[in-house]
Amino acid sequence: MPKLEISSIQTDNDVFVVNAVESLIVQSIRAKGPLSRTDLTQLLNYSRASLTTIVGTMVETGILHEVGEGRSAGGRRPLLLDINPQLGYVAGVDIGATSVDYALADFQGKIFERYSESCDVRMEPELFLNNVCDVVSKMLAKHEIAPERLVAIGLGVPGPVEFAAGVLIAPPLMPSWEGYPIKSFFRPKFPNAKVVVDNDVNIMAKGEQKAGNGQGVENFLFVKIGTGIGCGIISNGRIYRGNDGCAGDIGHICVDYNGPICHCGNQGCLEYLAAGPAIAAQGIEKAQAGQSPFLAQRMQENDGELTAADVGEAAAAGDRAANEIIRTTGRMIGGVLAGLVNFYNPKAIFIGGGVSKIGYTLLSTIRQATLRRATALSTRRLQVEYSQLGDDTGVVGAIWLALENVFIVQN
Ligand SMILES: [Zn+2]
């Protein structure tokens, strides 16, 4: 990756206070790519003279820059305007239960540095976030970018987030983070960075929308199957968070009224019965019962442990017990998704998260169960697919969430 040239523009925070028209100009260019002044005049239905003045200011402050000529409609070829990629830099951080994904991007959202490491999210937030700061600092240093030039950080966390405040509320996987002021933690190290915190499935939905199969899809669901199960909702092109920010918490929908007690206190939750740990536990059961030679051997090699990925490998190798576990899991998830389809009528469901890597049997069982159980009209054009972006979905979404929130619109 070539080293980015650092322009002389100062990332004074005032740059990010824009008025409504300036905000619309930014949104239009982000949606359509470079545009001429004439394009913008027509798109925004604004007078040419006023628009020229506004665009002039935006070029001066460094938000926009001119990037060559567009096609002529007769006469001189118009100059095209684009978002200045070097206005500042953005970090995307996708925190999972067992791993963290990092990315750095320019102001156009183009990723130029990527890093992943394993983690334990049950750590104290201060220790955890200190490490996050260190990693981001190193990534910036590698490209000789001063910390002051980081203008936004998008952060996804595996728990319910009160979006405006950026704090976790009663997070089952990371109880010590309850109410922790994540946003202000970053200020001493990255004084100019606006920090945006959201639930991990919301950022994955955003990633799929910006760079994956969700591009141009107005209504879709992003279902993450990992240590837990959650769902990001894109409604009319926007993330739907619900009244309190916890929309999409499908992991605690009941699939068995007589089932085991989940960590949320209720019985028979989808997450407790169908997420990664449940798949692994069933694998261990089958191995111990002598029903899966493959998994028994894998358990021996791994000090008595198994993961959902092991069950996936066993299934791919033709292990009957492993395939049955995956099909039972898929039917359970598909049953819940059918309910969501009846209720919400999305155009597509994209499935991501660690467990989505265990193979296509899971996807095909989920798809079959969803299509069989949901109503005919709602499934006529429904797509059920794995996410296109894999491990990048979260960081891409975190970057876009940060970019979309970096401008403060004032009138
Ligand atoms: Zn539960």
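**A tour by selection**

Start with the three-stranded sheet: this open sheet is ordered S2-S4-S3, and its pairing is antiparallel. At its edges stand strand S2 (35–36) and strand S3 (64–69); each has a single partner strand, so one side of each is left without a neighbour in the sheet. Strands here are DSSP runs of E with at least two residues, helices are runs of H or I with at least four, and both are numbered from the N terminus. Two strands pair if DSSP finds at least two bridges between them.

This is a predicted model: local features need pLDDT of at least 70, side-chain atom pairs count only at pLDDT 80 or more, and totals for chains, interfaces and linings use all residues. Residues are numbered from 1 along each chain as its sequence is written, and side-chain values use heavy atoms, with hydrogens and water left out.

**Stop 1: S3 and S4**

Select residues 79–83. This is strand S4, joined to S3 by four bridges in an antiparallel run. Now pick Glu66. Its bridge partner in S4 is Leu81.

**Stop 2: helix H1**

Select residues 20–32. Helix H1 has 13 residues and reaches 18 Å from first C-alpha to last, close to the 18 Å expected at 1.5 Å a residue. That expected span is 1.5 Å times one less than the number of residues.

Show Asn19. Asn19 caps the N-terminal end of H1, with a side-chain oxygen 3.1 Å from the backbone nitrogen of Val21.

Which residues of H1 are buried? They are Val21, Glu22, Ser23, Ile25, Val26, Ser28 and Ile29. Buried means under 20% relative accessible area, exposed over 50%, and partly exposed in between (1.4 Å probe, protein chains only).

**Stop 3: the domains**

Colour by domain. The assignment gives domain 1 (13–84), domain 2 (88–207 + 394–409) and domain 3 (217–387). These bounds come from an automatic or database domain assignment. The C-alpha centres of domain 1 and domain 3 are 45 Å apart.

**Stop 4: the five-stranded sheet**

This open sheet runs S7-S6-S5-S8-S11, with mixed pairing. Strand S7 (111–118) and strand S11 (194–199) stand at the edges; each has a single partner strand, so one side of each is left without a neighbour in the sheet. From one strand to the next, the twist averages 15 degrees.

Select 99–105, strand S6. Seven bridges pair S6 with S7 in the antiparallel sense. Tyr102 stands opposite Tyr115 in S7.

Helix H6 (residues 200–211) lies across strand S5 (89–95), strand S8 (150–157) and S11, at about 100 degrees to S11. Helix H14 (residues 393–405) lies across S5, S6, S7, S8 and S11, at about 135 degrees to S5. Axes are lines fitted to C-alpha atoms, for helices over the stretch in contact, and angles run from 0 to 180 degrees between N-to-C directions. Contact means heavy atoms within 4.5 Å.

**Stop 5: Ala274**

Ala274 lies in helix H7 (residues 270–274). Is Ala274 buried or exposed? At 0% relative accessibility, Ala274 counts as buried. Beyond residues up to four places away in sequence, Ala274 touches Ile225, Ile229, Ile279, Thr329, Met332 and Ile333.

**Stop 6: Arg298**

Finish on helix H9 (residues 293–301), which holds Arg298. Arg298 counts as buried, at 17% relative accessibility. A polar contact of 2.8 Å joins its side chain to that of Glu313. Such a contact is a pair of N or O atoms within 3.5 Å; within protein, one must be able to donate a hydrogen and the other to accept it, and residues adjacent in sequence count only if both atoms are side-chain atoms.
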